[in-house]
Amino acid sequence: MIARMLAAAVAAILLAVPAAADNPAAWTQPTAPFRIAGNIYYVGTRGLASYLIVTPKGLILLDATMEANVPAIEKNIRALGFKVRDVKILLNSHAHFDHAGGLAAMKRDTGAELDAMDGDVWALENGKHFGDQNYVGTFPAVKVDRRLKDGDRVTLGGVTMTAILTAGHTRGCTTWTTTVRLKAGAKAVVFPCSLSVAGNKLYGNKAYPGIVGDYRASFKRMAAINADIVLPAHPEIADVMGRHASGKWLAPDLLPKIVAEAQTDFEREMMKQQAIAK
Ligand SMILES: [Zn+2]
């Protein structure tokens, strides 16, 4: 009897965490690295972005995707002619397994420091989402070396990455911005954080009661950011692979469109959850 109850309890726990089979195949599908623009390169898998920012003093890596992808990302860094140990700073869009799951292994292999937004530090250091939700799985915990707040800058070798807090999807969801110098002049590059609801409880979220207000503030804030080049954590949102094929990276109208679509989805999800809560 006890054994059967235990088995049921274990099954319930397993069901609460999405199985690897639930993830899109592209998330763990290796792809050759490529230069996006100026000093920015793509080193992620086909379905999950990892961006490498090259400076004269070493490399910055934004997102390590899933733990299983770390060898593929490291192979891509080496294929571009860099050393894995040249990565000096690790950054994260947000503390979910599909973007932060590889950070612990990457930190071990690179010896780099991890800089992360205050609101995501708990999630990163505990390897799980902060707040009530029913979607996101756990991931290897990783120690944060520098806690950031909204507007903080991370600089290396004359390159500056600015952290903009666009919370909701996670409490420390961070939109990173930088500038690339191209023949056409200086261009604003934006790495927008995710804006999807993704299983977040919007009503009665006890751990994160301010979640709805944070989403709404983030829609407004992100729509107002000037972006010539948009590089999201989920590459298909900005058709990163298609742009790589065409070479057309400049898309100054894209970010407001992405935000508007996310907001429409959010309002629909609000109504759905409201109907259930009633
Ligand atoms: Zn996420």
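Helices are runs of at least four residues and strands runs of at least two, as assigned by DSSP and numbered from the N terminus. The model is predicted.

**Exercise 1. Locate Asp63 and determine whether Asp63 is buried or exposed.**

Solution. Step one is the position in the chain: Asp63 belongs to the loop that runs between strand S4 (58–62) and helix H2 (70–79). Step two is the neighbour count. A residue is buried if 20 or more other C-beta atoms lie within 10 Å of its own. Asp63 has 26 C-beta neighbours inside 10 Å, and therefore Asp63 counts as buried. Step three concerns the backbone. Most residues other than glycine have a negative phi. The phi of Asp63, however, is positive, near 75°.

**Exercise 2. Describe the surroundings of Leu91, and state which residues Leu91 is in contact with beyond its neighbours within four places in sequence.**

Solution. Begin with the element: Leu91 is part of strand S5 (residues 87–91). Then relate Leu91 to the residue of the previous exercise. Leu91 and Asp63 stand 28 residues apart in sequence, yet their C-alpha atoms are 6.0 Å apart in space. Finally, list the contacts: leaving aside neighbours within four places in sequence, Leu91 is in contact with Ile60, Leu62, Asp115, Val154, Met161 and Trp176.

**Exercise 3. Determine how helices H6 and H8 pack, and which classes of residue form their contact.**

Solution. Two packed helices are described by the angle between their axes and the distance between the axes. For helix H6 (residues 211–223) and helix H8 (residues 254–277), the angle is about 160° and the axes are 9 Å apart. Angles over 145 degrees count as roughly antiparallel, so H6 is roughly antiparallel to H8. The crossing of H6 past H8 is left-handed. On the side of H6, the contact is made by Tyr215, Phe219, Met222 and Ala223; on the side of H8, by Leu255, Pro256, Val259, Ala262, Gln263 and Phe266. Sorted by class, this contact of H6 with H8 holds nine nonpolar residues, one polar residue and no charged residues.

**Exercise 4. State which residues touch the most other members of the largest nonpolar core, and where the largest share of this core comes from.**

Solution. The largest nonpolar core has 76 residues, and those touching the most other members are Tyr51, Ile53, Leu61, Leu90, Val230 and Leu231. H8 supplies the largest share of this core, with six residues. Val230 may then be followed individually. Apart from neighbours within four places in sequence, Val230 is in contact with Val190, Pro192, Ala238, Ala251, Leu254, Leu255 and Ile258.

**Exercise 5. Examine the loop between S12 and H7 through His234 and Asp239.**

Solution. His234 lies in the loop that joins strand S12 (229–230) to helix H7 (240–246), and Asp239 also lies in the loop between S12 and H7. The neighbour counts come next. His234 has 19 other C-beta atoms within 10 Å and is partly exposed; Asp239 has 15 and is likewise partly exposed. In sequence terms, leaving out residues up to four places away, His234 touches Ala49 and Ser194. His234 and Asn200 are 34 residues apart along the chain, and their C-alpha atoms are separated by 18 Å. As for the backbone, Asp239 has a positive phi near 50°, and is a residue other than glycine.

**Exercise 6. Identify the buried residues of helix H5 and what covers them.**

Solution. In helix H5 (residues 118–126), the buried residues are Gly119, Asp120, Val121, Ala123 and Leu124. Their cover includes helix H3 (97–100) together with strands S6 (113–117), S7 (146–148) and S9 (159–165). Just after H5 comes Gly127, with a positive phi of about 65°.

**Exercise 7. Describe the position and contacts of Ala37.**

Solution. Ala37 sits in strand S1 (residues 34–37). Ala37 is partly exposed, with 19 other C-beta atoms within 10 Å. Beyond neighbours within four places in sequence, Ala37 is in contact with Val180, Leu182, Ile229 and Trp249.

Note on methods:
Residues are numbered from 1 along each chain as its sequence is written. This is a predicted model: local features need pLDDT of at least 70, side-chain atom pairs count only at pLDDT 80 or more; totals for chains, interfaces and linings use all residues. Axes are lines fitted to C-alpha atoms, for helices over the stretch in contact, and angles run from 0 to 180 degrees between N-to-C directions. Angles under 35 degrees count as roughly parallel, over 145 as roughly antiparallel, 65 to 115 as roughly perpendicular and the rest as oblique. A crossing is left-handed if the near helix is turned anticlockwise from the far one by less than a right angle, and right-handed if clockwise. Two residues are in contact if their C-beta atoms, placed from the backbone, lie within 7 Å. Ala, Val, Leu, Ile, Met, Phe, Trp, Tyr, Cys and Pro count as nonpolar, Asp, Glu, Lys and Arg as charged, and the others, Gly among them, as polar. A nonpolar core is a set of buried Ala, Val, Leu, Ile, Met, Phe, Trp, Tyr and Cys residues joined through C-beta atoms within 7 Å. A residue is buried if 20 or more other C-beta atoms lie within 10 Å of its own, exposed if 12 or fewer, and partly exposed in between; C-beta atoms are placed from the backbone.
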